[in-house]
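Dear colleague,

Please find below the structure that I am handing over to you, with its sequence. My notes on it follow directly after.

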Amino acid sequence: VERYRDLNAAEKMNPFAEQEAWEDHQIGKATMKFGSKDKKHDDYEFVFENQIEFIQDEVMKGDNYDGEPYGDSPDESVAKSAFEKLQADRKTLPVYPYREKLLEAVNEHQVLVIVGETGSGKTTQIPQYLHEAGYTKRGKIGCTQPRRVAAMSVSARVSQEMGVKLGHEVGYSIRFEDCTSEKTVIKYMTDGMLLREFLGEPDLSSYSVVMVDEAHERTLSTDILFGLVKDIARFRPDLKLLISSATLDAEKFSDYFDSAPIFIVPGRRFPVEINYTKAPEADYLDAAIVTALQIHVTQPPGDGDILVFLTGQEEIETAEEILKHRTRGLGTKIAELIICPIYANLPTELQAKIFERTPEGARKVVLATNIAETSLTIDGIKYVIDPGFVKMKSYSPRTGMESLLITPISKASANQRAGRSGRTGPGKCFRLYTSHNYYNDLEDNTVPEIQRTNLANVVLSLKSLGIHDLVNFDFMDPPPEASLLKALELLFALSALNKKGELTKVGRKMAEFPLDPMLSKMIVASDKYKCSDEIISIAAMLSIGSSIFYRPKDKQVHADNARMNFHMGNVGDHIALLKVYSSWKETNFSTQWCYENYIQVRSMKRARDIRDQLEGLLERVEIEMMSNPGDLEAIRKAITSGYFPHCSRLQKNGSYRTVKHPQTVHIHPSSGLAQVLPRWVVYHELVLTTKEYMRQVSELKPEWLIEIAPHFYQLKDVEDTGSKKMPRGEGLASDIQR
Ligand code: CDP
Ligand code: MG
């Protein structure tokens, strides 16, 4: 479930995320579909040679602007302990004056919708207020977040404010990482994790309060949670339900929850000046960098930090590099520019950096994904640079294919982004698009994820919760029927559901794994092929979510050679991943070995953690741990048992064609098979960049498809029409048949 939500999923799978310039590297080149005047900036020797001109359009009104920025607590001269300072800070938050009223409202109503500007203290304060008021005597307070980073960073903050160790009274739980204990009373978690908790505890009896936070994000898991918590609230009158949102469309939430009252926390909003470019920018990444430098150089240091919204990790890393390079040339007269990246996969130890106060005389530029739109509050931002794009998932129920696309944001998003600059004083927002674009081309609201995603995972979870009638499930906005059908079809193909749509024994086992159904099926199938040991290593390696191989720019040849060493035999990337893992294990998990082989240590450690958890789950579903390292065919058959719907065949021109819903695809250049081009392959996922690429690819024998999935493939599907000797007409005929 988690994976589905993460907009960075595809780039996380990119083994070379840390390097520039693959063939499909497409950074910053998207233009809004409404066309572009080519204003490409090639190379900046000096910032001012290519200024970007902005036109001020409007000022978003502030609520209670009195001309003075809100500062820190006034008595800074009095030395305070860090803890006292935190306590004082808590009292300056907009939600604080409403503490008693809020507690009263929670006391009186079972369900409450809470609306408040980002940064007003909803996420960090409300669970603490409820804890202080005694709610945790009856059970835990659970607070869901759409994003992992938010769950981690907010829980860290709250544990500081409460003066406890993270993981004790205050903890977090995200997929593959549980930082809670017996003691935990305030638990931050991803919405996907709470969804999983329903499987073990269908009435959430260990909770006294559930706060579905960031409800406006409308992630798939949040939408499903709505239906589930609404249902249990009916037979658990003692459970308090809070739905909190940063936007004002709270009516919709209220209506859905049987006219639940809406509690509004008035925000402090300062006026924000909105500026647009005169003409569309052809290269938004470059325009963003130039704008950031323009601000930095022309505005006095100490006057405020800059927040730039980019679409993903690679783009952020590129921007970071370019900014570093260009500021180096600025000389000592210009203040220091501290660059802080933040994206879903940023290592924990680096996340804290964005919350640190900017030192005197310096300026901070935060390069963020839309994680900073509402999930994370960063203090001290005065300037927002908004290129107007987000990486968003789209899904075709016809082909069952999901892709991450760089897409224009909605007006609602644009306004949230602008609002980030007016939190502690008047702000400025620079939109790297024209006002005409804003008014005429942007949609009002973002389409909820449930309407643009693959539902297989969620359908499997709902089925295992005993919810069979999916069409009549109480969705706030129902998913397209075609997506539901497609999900049912896939689960049936994977033998997770029977013909009547009921969960099978296989399906029940699959649901235990917090993974995509195809990945869980691969694990469940490994029982039959007696290679569960190898398969969970592969599954763990596929689930890391960050790059495995390290490819420094100055040592690319060495790195590539090291990588190809794991590709002996040319049977594919899955086996290569297994080799990486088992070789590392043989060295007793040596860090040195990782360095020597250009492997990311951090990724490997994560793989080990995930693998440990999968091992525990194997036991739970009674799959014996069996090792069969020599039988690569058995291992590949187990993989195929999960991934047979992802199968494609080589074409004469060197491209591939997917077998089921014919579409042209290519092997990703990072694959070990990119030069080998086997006739038949099975792939882990498709990513669309400049082309539709298959990532993590293994060779396959077509007869396996008939053996493993006779209900899915027929002989005519796998007849080798790709052969050169085949008369042309015949190949075509079978293509048409399909
Ligand atoms: O949830 P909401 O957007 O209403 O606000 P919040 O996340 O509770 O943040 C309230 C305040 O806590 C922010 O203004 C930040 O100053 C602070 N905070 C922080 O310093 N570090 C974090 N990791 C989270 C919040
Ligand atoms: Mg929040």
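Predicted model: local features only at pLDDT ≥ 70, side-chain atom pairs only at ≥ 80, totals over all residues.

Strand 17 and its neighbours

Strand 14 and strand 17 pair in the parallel sense, with 4 bridges between them. Strand 17 (residues 427-431) also runs parallel to strand 10 (residues 272-277), to which 5 bridges join it. Cys 429 of strand 17 has Ile 274 opposite it, and Phe 430 in strand 17 is the bridge partner of Asn 275.

How far is strand 17 covered? Of its 5 residues, 5 are buried, and the strand is thus mostly covered. Gly 427, Cys 429 and Arg 431 point one way from strand 17, whereas Lys 428 and Phe 430 point the other way; all are buried.

The surroundings of ligand 1

Which residues are the closest to ligand 1? They are Lys 122, Thr 123, Thr 124, Arg 157 and Thr 377, out of 16 residues that surround the ligand. By class, this shell has 10 polar, 3 charged and 3 nonpolar residues. Helix 5 (122-132) and helix 6 (148-162) each supply at least two residues of the shell. The most comes from helix 5, which gives 4 residues.

Helix 19

Helix 19 (residues 517-525) is another mostly covered element, with 9 of its 9 residues buried. The buried residues are Pro 517, Met 518, Leu 519, Ser 520, Lys 521, Met 522, Ile 523, Val 524 and Ala 525. Their cover includes helix 16 (456-464), helix 17 (481-493), helix 18 (505-511), helix 20 (532-542), helix 24 (601-620) and helix 25 (632-643).

The protein as a whole

The protein has 28 helices and 22 strands. Of its 738 residues, 50% count as buried. Among contacts between residues at least 6 apart in sequence, 76% join residues at least 24 apart.

Confidence

The mean pLDDT of the protein is 87, and 88% of its residues reach 70 or more. Over residues 1-48, however, the pLDDT is below 50, and this stretch has 123 contacts in the model beyond near neighbours in sequence. Residues 722-738 likewise stay under 50 in pLDDT, and the model has 15 contacts for them beyond four places in sequence. The scores of the model are ipTM 0.99 and pTM 0.86.

With kind regards

Terms used: Residues numbered from 1 in each chain as written. Chains lettered and ligands numbered in written order. Near = placed C-beta within 6 Å. Nonpolar A, V, L, I, M, F, W, Y, C, P; charged D, E, K, R; others polar. Buried ≥ 20, exposed ≤ 12 C-beta atoms within 10 Å, placed from the backbone. Contact = placed C-beta atoms within 7 Å. Pairing = 2+ DSSP bridges. pLDDT = per-residue confidence, 0-100.
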